[in-house]
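Hi,

Here is the structure I promised to pass on. My notes follow below it.

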Amino acid sequence: MSFMSSHLAIAMLFLHPSGTPETPVGAARVDEPQHGVYNDHGTKRPMNFPDAPDGSRILSADLHTHSVFSDGHVWPSIRVEEADRDGLDALALTEHLEHQPKAADIPHPDRNRSYQVAKREAAANKTDAVMLINGAEITRGMPPGHVNAVFLEDANKLRVDDAEGAVLAANDQGAFVFWNHPNWLPQAPDGVAKIFPFHQKLIRAGKLHGVEVANGTLDAYSEHALGIALEYNLTILGTSDIHGLVDWTHNAGHGGHRPLTLVLAKDRSPAALKKALFAGRTIAWINDDLIGRSENVDQVFKACLTIKPIAYLPKSSVMEVSLVNSCPLAFTLKNEGVRTFHNVTDVVRVERYNDKLLQIRMNDETKSLQLDFTVLNTQVRPREHLRGSLTADVSGLARDASLLQPNAPSNNASK
């Protein structure tokens with residue numbers, strides 16, 4: 001890669017004085033292909049997620065990107081390095097089939113060329129931690145609008161006269177096919193995603209599998225697209241649709257991130273990723289918002305946030321706990337449970353890769369703690385947030401014995 005011996009010193013920053021490797025917050029597993037070590041000036045850029053409670057891997061995938069081989073502004077090798085810097089698990093190269101504005105300068109007739117160049121550059125630079133996926137964007141008027149096909153064998157076979165024929169040709173290759181940015185103003189002037197009989201026909205035939213509900217080029221989330229996904233059982237996706245540089249467009253490396261799809265997969269492999277996409281086990285992530293079916297969003301919520309018990313405050317029934325966030329996005333939570341907070345209001349924010357100290361009025365002696373939240377930075381239906389619970393074993397915390405005596409002053413009411 002473009003990082004070599006000069007970056008070994010940076011890698012040493014992640015060593016203990018004894019020389020034993022330390023896994024920083026958000027780091028990938030040491031037993032898998034590793035992303036490169038880059039100097040991002042102390043920021044935690046890679047977007048790595050813990051495993052979900054059900055044992056699934058939470059994979060990060062960007063399934064809609066462009067390079068100079070259609071209307072993007074960079075060579076495919078830049079797309080690969082950006083993905084490696086971001087710690088992505090998967091990247092799809094999805095050039096427009098019909099829209100080739102640089103044809104006078106890059107008149108390559110092979111619509112697989114972007115993917116081929118990306119694969120070649122990744123192999124040459126030993127960038128093996130990002131799964132590269134061949135794809136294409138069928139670029140037509142509405143309906144169907146723009147449609148992505150990923151996991152293609154040959155994008156050239158989609159270059160047919162009619163849009164339905166292109167979609168069917170993608171399905172013939174076992175591709176995963178999804179509808180792009182249905183709220184794009186040139187095709188939806190009111191900003192409202194609307195489904196057409198053309199889409200309904202494809203869905204009934206099992207030929208259209210997903211829909212974007214968040215798109216980085218539009219910098220927008222579509223609640224109407226989410227409603228369509230839920231009504232027609234389509235996989236929910238978020239993509240960057242990147243044309244320029246990720247760093248410029250999304251402030252990557254400095255607290256921002258490209259919109260992505262988080263995929264709950266059995267393992268980290270192209271086959272498991274594809275299977276999970278077809279099964280609809282996805283969450284769209286844009287800004288700090290998680291968008292998807294409640295059961296999928298709940299898996300990410302519980303993977304990211306954990307309660308770490310600390311101690312009871314002296315001579316009180318108030319327990320201190322740390323709410324730990326192990327993920328690269330912040331959470332905004334509203335307390336909806338019976339336990340009230342002593343030090344903060346009912347709305348708390350836990351920053352990315354950070355923690356929040358909570359003082360909880362326990363009142364009664366208990367061996368376990370449950371906190372019930374509305375997760376305000378989620379959408380599980382249009383204008384509806386996830387209701388989720390976190391639990392912790394607190395039986396190991398010692399409580400002031402005087403508070404447990406039968407004649408001790410009553411402390412049953414929340415203050």
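First, a definition: angles under 35 degrees count as roughly parallel, over 145 as roughly antiparallel, 65 to 115 as roughly perpendicular and the rest as oblique. This is a predicted model, where local features need pLDDT of at least 70, side-chain atom pairs need 80 or more, and totals for chains, interfaces and linings use all residues. Residues are numbered from 1 along each chain as its sequence is written, and side-chain values use heavy atoms, without hydrogens or water.

Helix α4 (residues 163-172) and helix α5 (residues 197-204) have axes that come within 12 Å and cross at roughly 25 degrees. So α4 and α5 are roughly parallel to each other. In their contact (heavy atoms within 4.5 Å), Ala163, Glu164 and Val167 of α4 meet Phe198, Lys201 and Leu202 of α5.

Helix α2 (residues 76-86) and helix α3 (residues 113-124) cross at roughly 55 degrees, with axes within 8 Å. That angle makes α2 oblique to α3. Here Pro76, Ser77 and Val80 in α2 meet Ser114, Val117, Ala118, Glu121 and Ala122 in α3.

Now the nonpolar cores. A core is a set of buried (under 20% relative accessible area, 1.4 Å probe, protein chains only) Ala, Val, Leu, Ile, Met, Phe, Trp, Tyr and Cys residues joined through side-chain atoms within 4.5 Å. The largest has 50 residues; among those touching the most other members are Phe49, Phe301 and Leu369. Helix α9 (residues 294-304) gives the most to this core, with five residues. A second, separate core has 31 residues, including Val147 and Ile228.

Best wishes

Note on methods:
Axes fitted to C-alpha atoms, helices over the stretch in contact; angles between N-to-C directions. Helix = DSSP H or I, 4+ residues; strand = E, 2+ residues; numbered from the N terminus.
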